Amino acid sequence: MGRPSLFEELALKKNVPQDIPPPETAPGEAPRPAAHNTAAAVRKKKARRRLAIIAAAVVVLGGAFWYVERTFSLPLQQIGPFVSSVEISVSGQLQQNFPTPLQQSTKAAPKKANALDAAGVVAETNSQREQNGDLPPLTEEAVLDDIATLRISDMFAQQYFAHIGPQGESAVSVASSVGYSYIALGENLALGNYAGDAGVVAAWMASPGHRANILDSHYTEIGVAVREGMYNGAETWIAVQIFGRPSSACPSPDVNLETTINLSENQINAMATQLQADKAAIDAIDPPSGPEYNAQVQDYNNLAAQYNNLATETKTAIATYNAQVAAFNTCLGAGTP
C-alpha cells in the first residue's frame, strides 16, 4: 500500500482523539482517574446548590415569621354567660302546732280519777288515727318521751299550765336542748282527772286543735308523759303529748354542695372582673397585633377557658342542688314521708 495522499493524512489527524492531561497529584501520590475527578466535582456542585436552597428557605421563612409575628392577631376566646339560680332557701316551713291547753272543768271531772298510763295514751291515740282516716300509727320515740317528761316536770315545778312557761320554756326550746331536729312538732296538753287513757284522748279528740294534732298525717313519731301532782293546791293529773317528724324523714339539701357552689360563684365573679380588665387592656393596644398583643390575648384566653370550665361545673352543681331542694320541699308538703 502506497503513502497516503495529503488529503488522507489530514483526515487521519482529524479523527485522532486528544489526550486529557492527568490531574495534578501530590508528590508520591498515584494519579487519580479522570472519571473520579469529574464525579467529585459534580457532588460539590450539588452540595453547594442544596446549601444555597436551604439558605434561601431560611431567609424566606424567617421573613415570613417576622411578618406574621407583627401582623397576625390571635382571636379572643368567648366567655359564656353565667347567672346564678341557686335555691338558697326551701319553700316549705317547719310545722308547729300548739292548741290551747285542755283543762277539765270541775263539773266534768269524775268523782274518782282513773290513773293514766303513757303507753295507754299512745295506744288510744293510734286507735283514733286508725278509726279516722286509716292513718299509719305513730312510733313512740324516746327523745319525744324525754321532751314530754321535761315539760310536765317544769309545769308542776313552776305551777303553770301553758305551752310557754314563765321563763320562755316550750316544747320548741326543750327539743332544741335535747338535740331533736324536726320538720314538724306539736304538743297537746291536758289537765284534770279524766276517765283513764281513753277518757283523756277522747277529750282531746273533742277539741278541734288537739284533734288536728292527733290526726295530722305529717307526724310520724310521738312521745307521752303523764303524772299526778299538786297544781294550785289540788291533786290532779297532767298529760303531755309531743308529736314530731324528724328532719331525717326528708332528704335535706347537701350543705357541703351549697358551700362549694357559693365559693365557686365568688371565684367566677372574681375571674369575670379580671377578664373585663384584661379585655380593656387588650383593646387599648394599637395596632391590635404583634408579640405583646398576642401574649396578652393568650393570657386572656387561658383565663377565659378556666372561667368557662368553672361556670359549666358550677351550673351542673346548681342543677343538682336545686333538685335536692325541690325534693325536700315536696317532702315537706307531703302528708306521708
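Gln 159 sits in the loop between helix 4 (142-158) and helix 5 (171-178). Helices here are DSSP runs of H or I with at least four residues, strands are runs of E with at least two, and both are numbered from the N terminus. The model is predicted: local features need pLDDT of at least 70, side-chain atom pairs count only at pLDDT 80 or more, and totals for chains, interfaces and linings use all residues. Residues are numbered from 1 along each chain as its sequence is written, and side-chain values use heavy atoms, with hydrogens and water left out.

Most residues other than glycine have a negative phi. Gln 159 is not a glycine, yet its phi is positive, about 55 degrees. Its relative accessibility of 33% makes Gln 159 partly exposed (buried means under 20% relative accessible area, exposed over 50%, partly exposed in between, with a 1.4 Å probe and protein chains only). Asp 134, also not a glycine, has a positive phi of about 50 degrees. Asp 134 belongs to the loop between helix 3 (118-131) and strand 3 (139-140), and is exposed at 61% relative accessible area.

## A cis peptide bond

Most peptide bonds are trans. The bond from Asp 286 to Pro 287 is cis, with omega near 0 degrees. Pro 287 is placed in the loop between helix 8 (255-283) and helix 9 (291-333).

## The disulfide

The structure holds 1 disulfide, a pair of cysteine sulfur atoms within 2.5 Å. Cys 250 is joined to Cys 331, with an S to S distance of 1.8 Å. This pair links distant parts of the chain, 81 residues apart: Cys 250 is in the loop between strand 6 (234-246) and helix 8, and Cys 331 is in helix 9.

The torsion about the S-S bond is about -80 degrees, so the disulfide is left-handed. Cys 250 is buried at 2% relative accessibility, and Cys 331 is buried with a relative accessible area of 11%.
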